[in-house]
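Reader: Before I rely on any label attached to this model, I would like each one set against the definition behind it. Could we go through them in turn?

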Amino acid sequence: MADYMETEDKRSVIKEKLRQQFDGKIVRKDLTKKIKEGANVPVYVLEFLLGQYCSSDDPEVVEDGVNNVKRILADNFVRPDEAQKILSVLRQRGSYTVIDKITVNLNIKRDYYEAEFSNLGLKDIPIDEEYPAKFDRLLCGGIWCIVQLDYEYMEEDRNGTPIRIRKLTPIQMPHVDIADLKQGRKAFTQDEWMDVLLRSIGMEPDMLSYREKWLLIIRMLPLVENNFNLCELGPRSTGKSHLYKEISPNSILVSGGQTTVANLFYNMGRKTVGLVGLWDCVAFDEVAG
C-alpha cells in the first residue's frame with residue numbers, strides 16, 4: 001500500500017510539473033489507445049488531433065474532445081477499402097476533406113508537381129508548387145496531411161483530372177522550440193525526466209525496473225544523437241520498429257530491408273536527395289531479409 005501511495009505521489013508531482021512547464025503541449029497517452037482502434041494511422045497523427053481538442057483537465061472537455069477526434073477520423077481518415085466510397089462522396093458534394101499520406105513527384109515532361117494519395121489510391125493529382133517547396137518531405141517518402149479536395153468535371157478537359165487540392169495542412173511537421181524544452185527540463189530531476197520520456201513513447205515507467213528504463217531510453221538515442229548507429233536484435237512484437245514508425249514524425253521506417261543507394265542518398269536520374277538527406281533518422285526493419 002505504501003508503495004502504491006508513493007507511486008501516486010510521484011505521478012502527481014510529475015503531472016503538476018508538466019502542467020506548469022509545458023501547458024498546452026501535453027497529451028494524455030491513454031486517450032490514444034481509446035482512439036487507435038480501427039484507424040491505421042501513426043500515434044503522432046492521433047496526438048496532433050488530441051492536442052487540438054483535448055488539452056484540458058476537465059473530464060467533460062476531454063470527453064467531447066475524444067468524440068470530436070473519433071468523428072474526424074471516422075469522417076476524414078481514408079481506409080484503403082473505402083477509397084471508392086469517399087471518391088463518390090467527393091463527386092456528389094463537390095468538396096471533401098481527407099486525412100491521408102501524401103507523396104509528391106515532379107512531372108518533368110509537363111513541368112508541374114503531382115500528388116499521390118497512399119490510401120485513397122489517387123495518382124497524378126496536380127498540386128501547387130508552394131507545398132513541396134515549403135514541405136520538402138512530401139517529395140521523399142511522403143507525409144501525413146489533412147487535405148481539402150475539390151471536384152469539378154470539365155467537359156473540354158477530358159485528359160485532365162476533375163480533382164483539385166484546395167488546401168494541404170501537414171500533420172507531420174512539428175515545431176519544437178528547443179530552448180523552451182530545455183528551460184522546462186530544469187524543473188525535473190533525472191529520474192522524473194526519464195519517466196516523462198518513457199511516458200511520451202507510451203510506456204508506463206512504474207512497471208519497469210531501472211535497467212529496463214535505460215534500455216528503452218537507449219532505443220531512442222538515434223532520434224537525438226548525430227551519426228549514431230544502433231542495431232537492435234530481439235523477438236517479434238517487442239516494439240523495435242514501432243518506436244521509429246509511430247512516435248516521431250522526423251523518422252522514417254524502411255520495411256523489408258529493401259532499398260537502393262539512390263533511394264537512400266541521391267538519385268542521379270531524378271536529381272533528388274534521398275532519405276538520409278531529408279529525414280533525421282532512417283530505420284530498417286527486417287534488415288536480414
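Author: Let us begin with a pair of helices, H3 and H4, whose crossing is right-handed; a crossing is left-handed if the near helix is turned anticlockwise from the far one by less than a right angle, and right-handed if clockwise. This is a predicted model, in which local features need pLDDT of at least 70 and side-chain atom pairs count only at pLDDT 80 or more, while totals for chains, interfaces and linings use all residues. Residues are numbered from 1 along each chain as its sequence is written, and side-chain values use heavy atoms, with hydrogens and water left out.

Reader: What makes H3 oblique to H4?

Author: The axes of H3 (residues 43-53) and H4 (residues 59-76) come within 9 Å and cross at roughly 135 degrees, where axes are lines fitted to C-alpha atoms, for helices over the stretch in contact, and angles run from 0 to 180 degrees between N-to-C directions. Angles under 35 degrees count as roughly parallel, over 145 as roughly antiparallel, 65 to 115 as roughly perpendicular and the rest as oblique, and therefore H3 is oblique to H4.

Reader: Which residues of H3 and H4 make the contact, and how many of them are nonpolar, polar or charged by class?

Author: With contact meaning heavy atoms within 4.5 Å, H3 contributes Leu-46, Leu-49, Leu-50 and Tyr-53, and H4 contributes Val-61, Gly-65, Asn-68, Val-69, Ile-72 and Leu-73. Eight residues of this contact are nonpolar, two are polar and none is charged, given that Ala, Val, Leu, Ile, Met, Phe, Trp, Tyr, Cys and Pro count as nonpolar, Asp, Glu, Lys and Arg as charged, and the others, Gly among them, as polar.

Reader: Why do strands E3 and E5 stand at the edges of their sheet?

Author: The open sheet has five strands in the order E3-E2-E1-E4-E5, with antiparallel pairing, and two strands pair if DSSP finds at least two bridges between them. E3 (125-127) and E5 (163-170) each have a single partner strand, so one side of each is left without a neighbour in the sheet. Within this sheet, eight bridges join E1 (residues 95-107) to E4 (residues 143-151), and Ile-102 has Ile-143 of E4 as its bridge partner.

Reader: How do you know that both faces of strand E6 are covered?

Author: In E6 (residues 251-254), Ser-251 and Leu-253 on one side and Ile-252 and Val-254 on the other are all buried, that is, under 20% relative accessible area, with exposed meaning over 50% and partly exposed in between (1.4 Å probe, protein chains only). Four bridges join E6 to E9 (residues 281-284), which run parallel, and Ser-251 stands opposite Cys-281 in E9.

Terms used:
Helix = DSSP H or I, 4+ residues; strand = E, 2+ residues; numbered from the N terminus.
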